[in-house]
Amino acid sequence: QVQLVESGGGLVQPGGSLRLSCAVSGRFVRAYRMAWYRQGSGEQRDVVALINDVGSKTYGDSVKGRFTITADSDSRGIYLQMNSLNPEDTTVYYCNMIVSTGQGTYEYWGQGARVTVPS
């Protein structure tokens, strides 16, 4: 079982910055993908940024040039640096991983970190 715990959310003024962290614990053999999602409309979660198993990074259109995803070399920490925040960035952000445990491939989610940017 792999556990993901986010931290670093909070209230920030428009134009400000926050850095989200995701601490990864538990046993896994390989991380295929590490990502940040955020809660969209309704129950949908939209991808914000992801790193695949060869280190390629992809960003959602609304955050390109403002957000940066990084990860520890051992895949035990995932980070999201968020700059130039605006009220449209207000929502809950979720850490996500797809890993191989040796028994299979599984997807895990963190509990979420709320980011609030007042208008």
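The following questions and answers concern a predicted model.

Reader: Is R38 buried or exposed?

Author: The cut-off for a buried residue is a relative accessible area under 20%. R38 has a relative accessibility of 13%, so R38 counts as buried.

Reader: How many residues make up the largest nonpolar core?

Author: W36, I78, L80, M82, Y93 and M97 are the members that touch the most other members of this core. Elements giving two or more residues to the core include β1 (2-7), β3 (18-26), β8 (77-82) and β11 (113-116). In soluble globular proteins, nonpolar side chains tend to be buried together.

Reader: Which tyrosine does M82 touch, not counting residues up to four places away in sequence?

Author: Beyond four places in sequence, M82 contacts G16, S17, L18, L20, R66, F67 and V115, and the tyrosine Y93.

Reader: How many residues apart in sequence are the parts that the disulfide ties together?

Author: The structure has one disulfide, formed by C22 and C95 with their sulfur atoms 2.1 Å apart. C22 lies in strand β3 and C95 in strand β9, so the bond ties together parts whose separation in sequence is 73 residues.

Reader: Is the disulfide of C22 and C95 left-handed or right-handed?

Author: C22 and C95 are both buried. The torsion about their S-S bond is about -85 degrees, so the disulfide is left-handed.

Reader: Which strands stand at the edges of the open sheet of four strands?

Author: The strand order in this sheet is β1-β3-β8-β7, with antiparallel pairing. The twist from one strand to the next averages 15 degrees. Two strands each have a single partner, so one side of each is left without a neighbour in the sheet: β1 and β7.

Reader: Which residue in β8 is the bridge partner of I69?

Author: Strands β7 and β8 pair in the antiparallel sense, over five bridges. For I69, the bridge partner in β8 is L80.

Reader: What is the relative accessibility of A49?

Author: A49 sits in strand β5. Not counting residues up to four places away in sequence, A49 touches M34, A35, W36, T58, Y59, I69 and L80. A49 counts as buried because its relative accessibility is 0%.

Reader: What distance separates the C-alpha atoms of A49 and Y59?

Author: Y59 is one of the residues that A49 touches beyond four places in sequence. A49 and Y59 are 10 residues apart along the chain, and the distance between their C-alpha atoms is 4.3 Å.

Note on methods
Residues are numbered from 1 along each chain as its sequence is written. This is a predicted model: local features need pLDDT of at least 70, side-chain atom pairs count only at pLDDT 80 or more; totals for chains, interfaces and linings use all residues. Side-chain values use heavy atoms; hydrogens and water are left out. Buried means under 20% relative accessible area, exposed over 50%, partly exposed in between (1.4 Å probe, protein chains only). A nonpolar core is a set of buried Ala, Val, Leu, Ile, Met, Phe, Trp, Tyr and Cys residues joined through side-chain atoms within 4.5 Å. Contact means heavy atoms within 4.5 Å. A disulfide is a pair of cysteine sulfur atoms within 2.5 Å. Two strands pair if DSSP finds at least two bridges between them. Axes are lines fitted to C-alpha atoms, for helices over the stretch in contact, and angles run from 0 to 180 degrees between N-to-C directions.
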